[in-house]
Amino acid sequence: MRIEWLDLPDTLDQTRLPMPPTTADFLQVTQLANLVTSLFWGNNDFYVSPENQLAGATSREDVRTSYVVAREPLTGDRPDRIIAYAALSLPWEPGVSTDGQPTAQPTTAEVHVAVHPDFRRRGVGTAVLREAEAEAVRSGRSVLQSWTDNALVDPAAVGSGPVFVSGTSLETGLTPVVGTHPPSLPDAGRDRIRWQAADAAFAAAHGYELAQVEWTSVLDLREAAGAALLAESGSGVAEEHGYDLVVWEGACPEGDAESMAGLLGRMAAEAPAAALERVAEHWDVPRLRAEERARREMGLSIITTAARDRSTGRLVGHSDIETFADLPQAAYQGNTLVHPEHRGRGLAVLLKAVNVSQLLRLKPEAERLYTWNAAENGAILRANQELGFVPVSTHPAWQKRV
Ligand SMILES: CC(C)(COP(=O)(O)OP(=O)(O)OC[C@H]1O[C@@H](n2cnc3c(N)ncnc32)[C@H](O)[C@@H]1OP(=O)(O)O)[C@@H](O)C(=O)NCCC(=O)NCCS
């Protein structure tokens, strides 16, 4: 087994055979990533095309992702097969902060390990994780974080079925399904984690501590007309209280860009973080535009509903939904944030509901909307329940200080 860092290609060139080695390697990594998510979910709602995954690794200015892989020699003159990878993402704060000083670089690094099911429990995951951790330390990071898919508690809600993969040992590949009903909300947390699942056991074996528990919840969009109705009835109330609801797809309109950047800057500081180390983020219009460009390059389309305070003309809350053009059946809830001075007026649930209604209108082929929420974030979990989301899976965050 060889452990090495991948050279990422500028573009994927699949037009000639043999493919350039950097393209062939990256395709193997994305196949492994998609195998792991489809084995967990029993569907392909988390499929990421190689093009979009490459853009995700290379096109962002505020986070850089690199891959360390384990290779197993194949016989003959075929190139070695990639059997595992660790993806290391290093957040970077671009530019200068509000006081004009160069921005301090974050102390955190995010790592995600995937091992082909046929090669598990042989120390392969440990080998790639160690190399990724060493690189994080070399880059000046002292807090390692990872988010994992832990236990699917409601497979029926995501249309899960058995996944058959040629050459894969299903007994090691398939995620065990917990036969309990989803817990009543917001009662969720540590005791909901499936500690014997590979992700939790692996994290614990390497000194990572559980720092937060998130629920992955899903809304069946074929039955979400209720949310749309709620949206229509609520919009009038918002207007009576001095808010205009504005919606857009793609780039934020110029006139709202500055206050939108302000809202995005709050998200990192204000979303519940439990024991997770936070990374302060400074957002301005150039960063907003860079993020929009990166999303376009990743094939991500964003639908946004925002509330504009009529007295100041500024946006005071927003909710985003992301979709991939090449994955029509799935949609993913992005940020929802209401400025502290405008909370407690039902704006969050209204923004979410109106945005779901936009999604139904703009992407009628979407079947499921996924969302991730901290177990301690009772307000947003209750809002989701009201809209018809059901919790389907635990999504723990792990953290280790080095
Ligand atoms: C989690 C994962 C990366 C582990 O890879 P691996 O190569 O099997 O891990 P290792 O062989 O290096 O395991 C190291 C230790 O982790 C623990 N561990 C790993 N998998 C385990 C399992 N299924 N059950 C119990 N303990 C496990 C053990 O303590 C193991 O040491 P041991 O084999 O000497 O008992 C792999 O199962 C995987 O790819 N899962 C899907 C993706 C995922 O959940 N990634 C999360 C990690 S960021």
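**Note on the predicted chain and its ligand shell**

1. In strand S10, isoleucine 321 is the bridge partner of isoleucine 303. The structure is a predicted model in which local features need pLDDT of at least 70 and side-chain atom pairs count only at pLDDT 80 or more, whereas totals for chains, interfaces and linings use all residues. Residue numbers start from 1 along each chain as its sequence is written.

2. The overall composition comes next. The chain has 10 helices and 13 strands; these are DSSP runs, helices being H or I of at least four residues and strands E of at least two, numbered from the N terminus. Of its 402 residues, 37% are buried. A residue counts as buried with 20 or more other C-beta atoms within 10 Å of its own, as exposed with 12 or fewer, and as partly exposed in between, the C-beta atoms being placed from the backbone. Among contacts between residues at least 6 apart in sequence, 74% join residues at least 24 apart; a contact requires C-beta atoms, placed from the backbone, to lie within 7 Å.

3. Strands pair if DSSP finds at least two bridges between them. S9 and S10 form a hairpin with five residues between them, and glycine 313 in the turn has a positive phi of about 75 degrees. S9 also pairs with S8 (residues 243-249), in the antiparallel sense and over seven bridges. There, valine 246 has alanine 306 in S9 as its bridge partner.

4. Strand S7 likewise has two partners to examine. S7 (residues 209-220) runs antiparallel to S13 (residues 390-401), with nine bridges joining them, and leucine 210 stands opposite tryptophan 398 in S13. With S12 (residues 368-374), S7 makes an antiparallel pairing over seven bridges; tryptophan 215 stands opposite asparagine 373 in S12.

5. The axes of helices H7 (residues 257-270) and H8 (residues 285-297) come within 8 Å and cross at roughly 80 degrees. H7 is therefore roughly perpendicular to H8. Axes are lines fitted to C-alpha atoms, for helices over the stretch in contact, and angles run from 0 to 180 degrees between N-to-C directions. Angles under 35 degrees count as roughly parallel, over 145 as roughly antiparallel, 65 to 115 as roughly perpendicular and the rest as oblique. Ala257, Glu258, Met260, Ala261 and Leu264 of H7 meet Val285, Arg287 and Leu288 of H8. The residues of this contact comprise six nonpolar, no polar and two charged. Ala, Val, Leu, Ile, Met, Phe, Trp, Tyr, Cys and Pro count as nonpolar, Asp, Glu, Lys and Arg as charged, and the others, Gly among them, as polar.

6. Leucine 276 lies in the loop between H7 and H8. Leucine 276 is partly exposed because 18 other C-beta atoms lie within 10 Å. Leaving aside residues up to four places away in sequence, leucine 276 touches Gln145, Ala211, Gln212, Ala397 and Gln399. Leucine 276 and lysine 400 are 124 residues apart in sequence, yet their C-alpha atoms are 9.7 Å apart in space.

7. The ligand has 19 residues around it, of which Arg120, Gly125, Thr126, Asp199 and Ala201 come nearest. A residue is near a molecule if its C-beta atom, placed from the backbone, lies within 6 Å of it. At least two shell residues come from each of S4 (108-115), H3 (124-138) and H5 (198-205). H5 gives the largest share, five residues. The shell residues divide into nine nonpolar, six polar and four charged.

How values were computed:
Contact = placed C-beta atoms within 7 Å.
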